[in-house]
Amino acid sequence: MTLPTSAEETSEGHRARTVGVGRAHAKAIVLGEHAVVYGAPAIALPVPQLSVTATAGWSANSPDDPGDVSLTMTGSASRPVATQASDGLRRLTAEFRAIMGVADDLHLDVVLDSAIPAGRGLGSSAACSRAVVFALADLFDREVTPSMAFDLVQTAENVVHGRASGVDALTVGASAPLLFQAGEAQELPIGCDGSFIIADSGDVGRTKDAVELLREGFRRRPGAQEEFVRRATELTEDARHALADGRPEELGARLTEYHELLREAGLSTDRIDAMVAAALAAGSLGAKITGGGMGGCMIALARTEQADDVTRRLHEAGAVQTWVVPLKGFADDER
């Protein structure tokens, strides 16, 4: 891209680069989905194997191209990206301009290359948003603090999902599993070995439908919401201590119990249930649906030596793709 000489120096004396690059990765919820929006804790897992790269450039606006930003989606996960996600990213770029003082007469060209399948509960929209934030920061030589990055990603997430909990916005930039509660997050100590295996059912999740189904159940039965949140909190708290203390069998058992909690609420599907059963039959320590539900992905915990068998059985049960996330990688990180 050729930079017009008159626009090389942007507002406040910052010099723009020819191109900026930003990256982020997927996430999976280990326990706590749905309950987290009612104040319960949630454990979220970074999935570095699935990433998105944003590349940003700029040019002078012309009368023939009055738009302020162009978005192009590429990569294996580009087709399911909805117009709603693009609307969120446009809102994000507008907020970035306002906060960072980027001139209004610059047209932004953003290309997203994503390997994260959309609509599967893996944080695709949040990861795309975070990658764009850091691509723009790189392009215009701006510093982005963690709180700024979170707020900007949430701007886009609230367009896409309504009132977003913030779990996705934090985890798509995290380098370790997080405990999230009431808008705050902390890194979790890892005392367990083994691997999480994430399996895609091939069905797009219906988070909004799942949220409404759960709310309708709460409305029909007095005390149901309190009971759901209490049980979810117990399971998540037990799981976090098992993860830290090196008790993988207990961690796995809490996963399976949480699946039953979500299944009884009507949030699972026959295919997800079959994949959970296949993972358990193959010797995994626990398995559950992950994310909003009514489609999407499931997650299983397996000992390292069992991961291949569990993965194979998941494919036989209908998984269209799988990813293995070893816990050892997080435990050995120098953070």
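1. Gly318 follows H9 and has a positive phi, near 120°. Helices here are DSSP runs of H or I with at least four residues, strands are E runs of at least two, and both are numbered from the N terminus. The model is predicted: local features need pLDDT of at least 70, side-chain atom pairs count only at pLDDT 80 or more, and totals for chains, interfaces and linings use all residues. Residues are numbered from 1 along each chain as its sequence is written, and side-chain values use heavy atoms, with hydrogens and water left out.

2. H9 spans residues 307-316, with Ala307, Val310, Thr311 and Leu314 buried (under 20% relative accessible area; exposed is over 50%, partly exposed in between; 1.4 Å probe, protein chains only). Seen down the axis, these buried residues fall within an arc of 100°, so they line one face of the helix. The arc is taken from the directions from the helix axis to the C-beta atoms. Asp308 and Glu316, on the other side of H9, are exposed.

3. What do the buried residues of H9 pack against? Their partners are strand E7 (195-200), helix H8 (270-281), strand E9 (297-302) and strand E10 (321-326). Contact means heavy atoms within 4.5 Å.

4. His25 lies in strand E1 (residues 20-31). His25 is buried, at 13% relative accessible area. Its side chain reaches the backbone oxygen of Ala174 at 2.8 Å. Beyond neighbours within four places in sequence, His25 contacts residues including Pro46, Leu50, Ile116 and Thr171.

5. Helices H5 (207-220), H6 (224-245) and H7 (248-264) each supply at least two residues to the lining of the second largest pocket.

How values were computed:
A polar contact is a pair of N or O atoms within 3.5 Å; within protein, one must be able to donate a hydrogen and the other to accept it, and residues adjacent in sequence count only if both atoms are side-chain atoms.
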